[in-house]
Amino acid sequence: MIPTKQEFYQALEERHGADNQRKFSDATVAICGLGGLGSNIAICLARAGIGKLILIDFDDVDVTNLHRQQYKASQVGLPKCQALKENLLEINPYISIECHNTKVTEDNVYTLIEDADIVCEAFDKAWCKSMLVNAVLEGFKDKPIIAGSGMAGFGSANDIATRKVSGRLYISGDGVSDVNDGIGLVASRVMVCAAHEAHMVLRFLMGCETP
Amino acid sequence: MVFINGTEQELKGKSVEEVITAMNYDKRTIAVELNEEIVSKADYINTILKDDDVLEVVSFVGGG
């Protein structure tokens, strides 16, 4: 039987404390890219009781995604934002989700993320990461962005860390392991990086600006 | 002296563009912050470094 909204949030308050839960429930987080990083970030934040997620990805679920992304085999072929929304609502029926089945460009980025308190960068391509980080830091005065860089391969998970570059820019990853170097990609290591990004979101909302 | 990614270097008087080029960064895949403020890519060429400036260049790699 699905818990009532009150039961759901009471359980979260018991975990987080009422004060922290209020901060999480009041927050809106934009997740740009819903692949290995983004879908895992979304799951963490939905479970933590973030009030609203803005999910942005133009892609459909593919069989090759199932290896690390939070989609089900039955969802192959569906738009990622639609499939992820379904999965998130099964976990947290009371979360608010805004979906954009679209590619983020320099022309639409500001409109897509303007309501977010925090932005999580979860794209695949390095130039897209650069575009988003530059756009958020140039276009907004207060919005922090947490980006992912370096999570490929089977190297030690202990090499993945979150670094605060400046007041509003955080980078999670090992900084060097590029998926294009042919070193492979595996759910466990990608999830470590995604959890780093999600954890930094929660810490930031609690007022801890250090990783 | 200018701090670039935590290391002191003699870069006073150089533009951000010159530094990025000299260090073989790919402009398409980076973000540059000078004294904790983002430098727009269009401004790399006219942003001239001064003594005690702190430059952070983040070079993104693919995957996500």
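A residue counts as buried when its relative accessible area is under 20%. By that rule, 45% of the 64 residues of chain B are buried. In chain A, buried residues make up 52% of 211. The model described here is predicted.

## The two chains

Chain A holds seven helices and seven strands. Along the sequence they run α-α-β-α-β-α-β-α-β-α-β-β-β-α. The radius of gyration of chain A is 16 Å, close to the 17 Å of the globule rule for 211 residues, so chain A is as compact as a globular protein of that length. The C-alpha trace of chain A spans about 50 × 40 × 40 Å along its principal axes.

Chain B has one helix and five strands. Their order is β-β-α-β-β-β. Its radius of gyration is 11 Å, in agreement with the value near 11 Å for a compact globule of 64 residues. The C-alpha atoms of chain B fill a box of roughly 35 × 25 × 20 Å, taken along the principal axes.

Contacts that span the sequence come next. Take the contacts in chain A with a separation of 6 or more: residues 24 or more positions apart account for 69% of them. In chain B, 56% of the contacts between residues at least 6 apart join residues at least 24 apart.

## Helix pairs in chain A

Two packed helices are described by the angle between their axes and the distance between the axes.

| Helix pair | Angle | Axis distance |
|---|---|---|
| α1(A) and α2(A) | about 120° | 7 Å |
| α3(A) and α4(A) | roughly 25° | within 9 Å |
| α3(A) and α7(A) | about 45° | 8 Å |

Start with α1(A), residues 5-16, and α2(A), residues 18-25. Their angle of about 120° makes them oblique to each other. The crossing is right-handed. On the α1(A) side, the contact uses A:Y9, A:L12, A:E13 and A:H16. On the α2(A) side, A:A18, A:N20, A:Q21, A:F24 and A:S25 take part. By class, these residues are four nonpolar, four polar and one charged.

Helix α3(A) covers residues 36-47, and α4(A) covers residues 80-91. Angles under 35 degrees count as roughly parallel. At roughly 25°, α3(A) and α4(A) are therefore roughly parallel to each other. Their crossing is right-handed. Helix α3(A) brings A:S39, A:A42, A:I43, A:A46 and A:R47 to the contact, while α4(A) brings A:L84, A:L88 and A:I91. Six of the contact residues are nonpolar, one is polar and one is charged.

Helix α3(A) also packs against α7(A), at an angle of about 45°. That makes α3(A) oblique to α7(A). This crossing is right-handed. From α3(A) come A:G36, A:L37, A:N40, A:I41, A:C44 and A:L45. From α7(A) come A:V190, A:M191, A:C193, A:A194, A:A195, A:E197, A:A198, A:V201 and A:L202. The contact divides into 12 nonpolar, two polar and one charged residues.

## One residue in α7(A)

A:A194 lies in helix α7 of chain A, residues 187-205. Is A:A194 buried or exposed? A:A194 is buried, because its relative accessible area is 0%, below the 20% limit. What does A:A194 contact beyond its neighbours within four places in sequence? The partners are A:G36, A:L37, A:N40 and A:I41. Each of these four also belongs to the α3(A) side of the contact with α7(A). A:R168 is 26 residues from A:A194 along the chain, and their C-alpha atoms are 18 Å apart.

Most residues other than glycine have a negative phi.

B:E36 is not a glycine, yet has a positive phi of about 70°. B:E36 sits in the loop between β3 (30-34) and β4 (37-38) of chain B. B:E36 is exposed, because its relative accessible area is 53% and exposed means over 50%.

B:D52 is the other case, with a positive phi near 70°. Its place is the loop between β4 and β5 (54-59) of chain B. B:D52 counts as exposed too, at 60% relative accessibility.

Definitions and conventions: Residues are numbered from 1 along each chain as its sequence is written. Chains are lettered from A and ligands numbered from 1 in the order in which they are written. This is a predicted model: local features need pLDDT of at least 70, side-chain atom pairs count only at pLDDT 80 or more; totals for chains, interfaces and linings use all residues. Side-chain values use heavy atoms; hydrogens and water are left out. Axes are lines fitted to C-alpha atoms, for helices over the stretch in contact, and angles run from 0 to 180 degrees between N-to-C directions. Helices (H or I, at least four residues) and strands (E, at least two) are DSSP runs, numbered from the N terminus. Angles under 35 degrees count as roughly parallel, over 145 as roughly antiparallel, 65 to 115 as roughly perpendicular and the rest as oblique. A crossing is left-handed if the near helix is turned anticlockwise from the far one by less than a right angle, and right-handed if clockwise. Contact means heavy atoms within 4.5 Å. Ala, Val, Leu, Ile, Met, Phe, Trp, Tyr, Cys and Pro count as nonpolar, Asp, Glu, Lys and Arg as charged, and the others, Gly among them, as polar. Buried means under 20% relative accessible area, exposed over 50%, partly exposed in between (1.4 Å probe, protein chains only). The radius of gyration is taken over C-alpha atoms; the globule rule is 2.2 Å times the number of residues to the power 0.38.
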